[in-house]
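Try each task before reading its solution.

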Amino acid sequence: MVKTSYFNELKSIVKELATSQQRTERRVEELAVAQQRTEQRVEELAVAQKELATAQQRTETKLQQLIDEHKDTRKQVGGLATTVGYRLEDLAYKGLPPLLKRDFGLIVQGQLKRTYLTDNQGKELEVNITGQALIDGKTVTIIGESKSQLSKNHIDSFIRKRLQRFEGVVQKVFPVLV
């Protein structure tokens, strides 16, 4: 009877080992499937990364094109601003004399013009609007500038960079901003 008991016990252990082996095989199979899914996801991610890199390259190329176009646009706008400024000056040469007479009693002598004047440092500075005028029998020098968009900074700059540089060189300045 001992042999039967031993045999039954051995049979039970073999059965447990077989069950355990089956569970292990199932787990290995599940892990293999999971590994395949992981590998598939890694491949998908690699493809997506390549697509993203390509899209980023296209974006960078387009951005560079936009930057170049923006530079061209700025250059063109700058040219337009200069053209508008010159046109504004041309109109000021004709329109200012009657306005200055009406508003300030100035009688412009000759024509207003764009020219260079020597400043108090001995340097030649371009002056957009200049000319001579009489007020109460006294001669004044008109020094002016035109801006397509006038701001407080432009006014401060005009006083600092233009008018102050003519102090001591040009007597009786009559400043004009258009």
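**Exercise 1. Find how far apart the mean positions of the positive and negative charges lie.**

Count Lys and Arg as positive and Asp and Glu as negative, leaving out His and the chain ends. Place each charge at NZ of Lys, CZ of Arg, CG of Asp or CD of Glu. The protein has 29 positive and 23 negative charges, and their mean positions are 5 Å apart.

A word on the source: this is a predicted model, where local features need pLDDT of at least 70, side-chain atom pairs count only at pLDDT 80 or more, and totals for chains, interfaces and linings use all residues. Residues are numbered from 1 along each chain as its sequence is written, and side-chain values use heavy atoms, without hydrogens and water.

**Exercise 2. Describe the fold pattern and the overall spread.**

Start with DSSP runs, taking helices (H or I, at least four residues) and strands (E, at least two), numbered from the N terminus. They give 2 helices and 4 strands, in the order α-β-β-β-α-β. Next, take the radius of gyration over C-alpha atoms and compare it with the globule rule, 2.2 Å times the number of residues to the power 0.38. The value is 44 Å, well over the 16 Å that the rule gives for 178 residues, so the protein is more spread out than a compact globule. Finally, the C-alpha atoms fill a box of roughly 150 × 35 × 25 Å along the principal axes.
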